[in-house]
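Visitor: I would like to learn how to read helix faces and aromatic pairs in a model such as this one.

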Amino acid sequence: MNTMSLTRGNYYMDGRLLIEEHGIESANQCVGKDFLGVSRAICIWPKYLTSSRNNTNTNTNNNGKWQRFNVAAKIRKGKKHDYPWPDKMDPNISSGYLTYLSHFKPLAEKPKPVTLDFEKPLVDLEKKIIEVRNMADDTGLDFSNQIEALESKYQQALKDLYTHLTPFQRLMIARHPNRPTVLDHILNITEKWVELHGDRAGYDDPAIVTGLGTMDGKSYMFIGHQKGRNTKENITRNFAMPTPHGYRKALRMMKYADHHKFPIITFVDTPGAYADLKSEELGQGEAIAHNLRTMFGLKVPILTVVTGEGGSGGALAIACANKLFMLENSAFYVASPEACAAILWKSSKAAPKAAEKLRITAQEHYRLGIADGVIPEPLGGAHVDPTWTSQQIQLTLTQAMEELTKMNEEELLRHRHLKFRSIGGFQEGIPVEPERKRNMKPSDVNSSTLTDIESELQTLRKQILESKGPTDPITNESIQKLVKEVDEEITKAIISMGLAEKVQSVRMELSKNSNQPLSTNMEEKVDRIMEEINMKMAQPGAYLGLKQKLKKLDTINSFIEMKVKQEKLRKELNEKLSADTKAKIASLMDAQERIPDHELVEKAMEVQRELEEVLKSANLEIVGVMKKNVETPPADIKQKIVELNNEIIGEIDRVVNAEEGLKDQIKELENMIAQGLDSKDAEKMEAGIKERILAALDAAGVKEKIERMKEEVESLSMAGFEDKIGVENGRC
């Protein structure tokens, strides 16, 4: 088609010139660039100009005024458009899809293979297989056995890997760059397909595709999120994140299908609705809510297939269906694992843990009754064999549609309503309580952590108090590990608070002026940052892990301070105590088992008086004298101790009577002690007797019973978490 456009016209005349009224007498084509610099022009003379055409510049009117009229026109060749309509359409098209109505064209280049992180072991096996094949081609030798063994090993490794995938690994497969898109599946399962565009409000969102297609001779309305197959397409499709225009386009097509009684099939593959400022201004939430409300009132069967990832309301806006199916490695979630991890654990690195907690996989949704079926994929994911995956989708859709088409309109609506009401816990025929009581499970997020922290604190406390000095290497190693963990938690917390840049700038300034005192300006900066950190840390439920570790570190520091004070006081007392007092204390401790209680009490009182005098001379105030608090064991423990004691006494008597010569040795030892003979010989004989008795007790298993009883008593004594120390600020 050729078009003509006027490029230039000038005239000099008296009065008005109307070509429509006077008509055109003739036209003469002037060729050449002499005429107004165009390659092709038309010269037009009106009828009323009576003079010669060759004297247009000498024409005059009745008043003798000069008249001149020139018109120039340029002929331009029209542009041929492939979209939306071609110049020549085949009226006899019987299969395939109308390519001129879709931007979706085959890729010029095959997509490059992409290897996920957990698939790297398989890549190594593939390389080995390729190397052996190349070696066989180069040398001409037969390596068929080796190749078969490697291929068998590869298939087994592939099967083991893809039958034990974690939820986060399945999500990675759902996001695979080469995973077939919605249009790939539609073109594989339909005989005829025509894409429909526009929301009839001035925009066509490419992130959502809609159109009519036929399967097994029946017409369906197809709606789905469309991702790109490369970076350019992803930018064009906005990474399958629809704007309100896309949801309104889908709504228009659903109403169209409802009017013409076309069953609706939707495909979900989106990270979520596009959350930019413009979309919010255009009513993103309203568009999604309108779709949700409308889909529950459509009187045609609706089927939904989640082919990739389905993110939140952006996916649900076209997924309120009678039946929901999910591909084996697809995911459906209310929030992405990365976003969930950033909220709960303040770091997106916890995404694998969040994926397990969110239950996003197809298998979990089927178990919970949200999905009505799981469509299998080939080993390696849908991108390994897209055609086979599309065939499985078509088979599932056909079977489900046969079931739904048997229902009338009321049954379809009721079926759809009950599906979603059952997800919310509603059961048909059972009345709902107006005020439903929920037995909420108490939060156990930090319960195990608190138990671990308490046990670690008890262990560290025991190590600190029993260490020989304040610098015990085992204790120092544990404290250094805790300090490192606290530093990491603080770094993560500062990043999540958005204060990383401020802290870094302060550190840089401090490093530059490390040898100088802090300026007033620097102190104010540090105070402001600390105030902001404390304010955010004080929020309830925020940074619980960091708070617990900081508290643990403070407790350990208090233990260390306590140990230092004990060592200092012990050193001072050793300097103040005389040799006689030390000897009396040692003899008192040694005589606890040999001297009767009343004599022991008298000696203890005497030593106490001497200690009080020494402490007063050391300028230490005595606020009181307390007996050592000992945990009273329960009645059952007491009974066990008595029984065990009787058993030990009986076993010792048996050993003494059974062992040859042991009874005589005991009598000889008693005589030596009574006569006051050499104590060294007596101690040597006593040690030999004890060894023989202990050996016999070991054989009888009594020692094991004693050890178990000790553990029970020690666990009881460790129930008190902190001991009250009688030394504080120079007071005893």
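This is a predicted model: local features need pLDDT of at least 70, side-chain atom pairs count only at pLDDT 80 or more; totals for chains, interfaces and linings use all residues.

Visitor: Which residues of H19 are buried?

Guide: Helices are DSSP runs of H or I with at least four residues, strands are E runs of at least two, and both are numbered from the N terminus. Buried means under 20% relative accessible area, exposed over 50%, and partly exposed in between, with a 1.4 Å probe and protein chains only. In H19 the buried residues are Met522, Ile529, Ile533 and Met537. Seen down the axis, they fall within an arc of 75° (taken from the directions from the helix axis to the C-beta atoms), so they line one face of the helix. Thr520, Glu531 and Met535 are exposed on the face turned away from that buried side.

Visitor: How many aromatic pairs are there?

Guide: Rings of Phe, Tyr and Trp (its six-membered ring) pair if their centres lie within 6.5 Å, and planes under 30 degrees apart count as stacked, over 60 as edge-to-face and the rest as tilted. The count comes to six aromatic pairs. Phe222 and Phe267 are stacked, because their ring centres are 6.4 Å apart and their planes at 15°. Phe222 lies in strand E8 and Phe267 in strand E9, so the pair ties together parts 45 residues apart in sequence.

Note on methods. Residues are numbered from 1 along each chain as its sequence is written. Side-chain values use heavy atoms; hydrogens and water are left out.
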